[in-house]
Amino acid sequence: MTSAAPANRRPVVLLAEELAPSVVAVLGDGVEVRSVDGADRAALLPALADADAVIIRSATQVDAEALAAAPRLKVVARAGIGLDNVDVPAATARGVMVVNAPQSNIVSAAEQAVALLLACARNLGPANASLKAGRWERSRFTGVEVADKVVGVVGLGRIGVLFAQRMSAFGTTLIAYDPYVAPARAAQIGVRLVSLEELLRESDFISIHLPKTPETIGLIGAEQLALCKPTVRIVNAARGGLLDEQALAEALAAGTVAGAGLDVYATEPCTDSPLFAFDSVVVAPHLGASTVEAQDKAGVAVARSVRLALEGDFVPDAVNVQAGGTVPEELRPALPLVEKLGRVFTALAGGVAASLEVEVRGEVASLDVSVLQLAALKGVFEDVVEEQVTFVNAPALAIERGLEVSLVTSPDSAEYRNVVRVHGVLPTGEMVSVSGTLTGPRQVEKLVEVDGFDVELLAEGHLLFFRYHDQPGVVGQVGAHLGDAGINIAGAQVSRTSQGGDAFMALTVDSAVPAEVLADIGTSIGAHSVRSVALS
């Protein structure tokens, strides 16, 4: 809990790591700027005692102990994207806002992927090492041209688009896999959308630009690599674990993949890997955001957010925006719920929607609820784009994907004090919807409707959704499959339109369900659709 400060006291902003001079300039004269070595725990903790804000990079750990040492703290700002060194739940519990700079490195990350692709194509890594070791080996490092080749982009988020635009200048043919991008939008940037299998078969170069989610981990493994041309070269500068590194090493050894460029790894720091033994693999120690420009942009962005937070204004880049800002007190508890509704909507849709409507009913409809529309959009894109989604870039992501968004409010709510419904229409004409509410004095988050079926399910944990033809024995079959996989069911509900009609089953389980298990369940019960989503 933050403590009150004297009226004439300037807020103290603690710089825990070296930042560009522009950061101090943006903070302005209205604050007192102090510096400390955030990596020195003995120096950091006492310095936090008077801090209203702390700005860090990657070396400073802001954990529960650090937060407890900072009774005045209002905001923790990470000059970068990753928040592994910030205990966000602990900060939220104490009412401390956490902000980062999600858009600061997108150009640098795209350029890093291009650099890795070119270095891989021309064997620059081993050629550099060879010449510096005193050997002149021109014939050993013959490469390939990029011009007239097919470049496959896995993920057309902002970084993927920037990468594609830059590769277009090399005279390449661009194809992409991204089920959450409309074909018309891809065509605007000169990219043809294809299935993942088609991309793997056709591409001479592949670059991965996806978020790391349960669905994308290991997306390209041994089975997928077997579909590729033996001359393919694969780049991953997005997230470690999307590309199965062991499978890649085996494919390189077998000659079924020609080369790779890697900036990220399943486990970091990574200083020992079977991939390092191959001259055809170019590696870097996660340098995607390591440019002067990206670091400067990150510092300036979080400095602006710190100013907004200290002035009590709404901070769009806050990752736990419910912790502060000018959002009405009545709406703050709903923000995490509505984000989850957006995530469930995307899981149910399984692709990009043509239109999206956020409907707010009940007492809160009399307030300015536009922030709930932003929260829904943030959730819609949370698990499908590589870059972090915030209240700032969510509307732009919708525009880029041709998603029409509207907000509808009404004071009338028949069953609940307040309820929010996220409803959309897919390009096929199919409609998808999910509704949620907060119940009881503890404001428990619940799903109360999915695709027109009434449910009452906690909006947390690992959720599974099955649609199928109503018939006896389905619940037992699903339970048996999950039991055989060692997965415990925490809660289950079944709803149906009529006896023998369409049925809907929603389950909460204790752990993630492998894709092959879900597929087996779907086949055994004759499901029309099988969907899953993990809600933190």
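Modeller: Gladly. Keep in mind that this is a predicted model. Let us begin with E449.

Biologist: Why is E449 called buried?

Modeller: Buried means under 20% relative accessible area. E449 has 10%, so it is buried. The residue lies in strand β17, which covers residues 444–450.

Biologist: What makes the pair E449 and S433 a polar contact?

Modeller: The cut-off is 3.5 Å between N or O atoms. The side chains of E449 and S433 make such a contact at 2.5 Å. The E449 side chain also reaches the backbone nitrogen of D451, at 3.2 Å.

Biologist: Which residues is E449 in contact with, leaving aside neighbours within four places in sequence?

Modeller: They are R421, S433, V434, S435 and V455.

Biologist: D451 came up just now. What is its phi?

Modeller: D451 has a positive phi of about 50°, although it is not a glycine. Most residues other than glycine have a negative phi. D451 lies in the loop between β17 and β18 (453–458).

Biologist: Is D451 buried or exposed?

Modeller: The limit for buried is under 20%. D451 has a relative accessible area of 17%, so it counts as buried.

Biologist: And H286, why is that called partly exposed?

Modeller: Partly exposed covers the range between the buried limit of 20% and the exposed limit of 50%. H286 has 40%, so it is partly exposed. Its place is the loop between β12 and α12 (292–310). H286 also has a positive phi, about 55°, without being a glycine.

Biologist: What makes the peptide bond from E268 to P269 cis?

Modeller: Its omega is near 0°. Most peptide bonds are trans. P269 is placed in the loop between β11 (259–262) and β12 (281–283).

Biologist: Why are the buried residues of α16 said to be on the same side?

Modeller: The buried residues there are V474, V478 and L482. They cover an arc of only 65° around the axis, which puts them on the same side of α16. The face turned away from that buried side carries the exposed residues G476 and D484.

Biologist: What do the buried residues of α16 pack against?

Modeller: Against β19, β20 (489–496), β21 (502–509) and α17. After α16 comes G486, with a positive phi near 75°.

Biologist: Why is S104 called buried, although it is in a loop?

Modeller: The loop runs between β5 (97–99) and α5 (106–121). The test is area, with the limit under 20%. S104 has 8%, so it is buried.

Biologist: What does S104 touch, not counting residues up to four places away in sequence?

Modeller: I81, A294, K297 and A298. S104 and K297 are 193 residues apart along the chain, yet their C-alpha atoms are separated by 5.3 Å. A polar atom of the S104 side chain also lies 2.9 Å from the backbone oxygen of A101.

Biologist: What makes up the lining of the largest cavity, by class?

Modeller: It has 9 nonpolar, 2 polar and no charged residues. The second largest cavity, of about 30 Å³, is lined by L156, V161, V181, R185, E400 and R401. Asp, Glu, Lys and Arg count as charged. That lining has 3 nonpolar, no polar and 3 charged residues.

Technical notes
Residues are numbered from 1 along each chain as its sequence is written. This is a predicted model: local features need pLDDT of at least 70, side-chain atom pairs count only at pLDDT 80 or more; totals for chains, interfaces and linings use all residues. Side-chain values use heavy atoms; hydrogens and water are left out. On a 1 Å grid over the protein atoms alone, a cavity is a set of points where a 1.4 Å probe fits but cannot get out, and a pocket is an open set with protein on both sides within 12 Å along at least five of seven lines; lining residues have an atom within 4 Å of a point. Grid points are joined across faces, edges and corners, and a volume is the space filled by probe spheres set on the points. Helices (H or I, at least four residues) and strands (E, at least two) are DSSP runs, numbered from the N terminus. Buried means under 20% relative accessible area, exposed over 50%, partly exposed in between (1.4 Å probe, protein chains only). A polar contact is a pair of N or O atoms within 3.5 Å; within protein, one must be able to donate a hydrogen and the other to accept it, and residues adjacent in sequence count only if both atoms are side-chain atoms. Contact means heavy atoms within 4.5 Å. The arc is that of the directions from the helix axis to the C-beta atoms.
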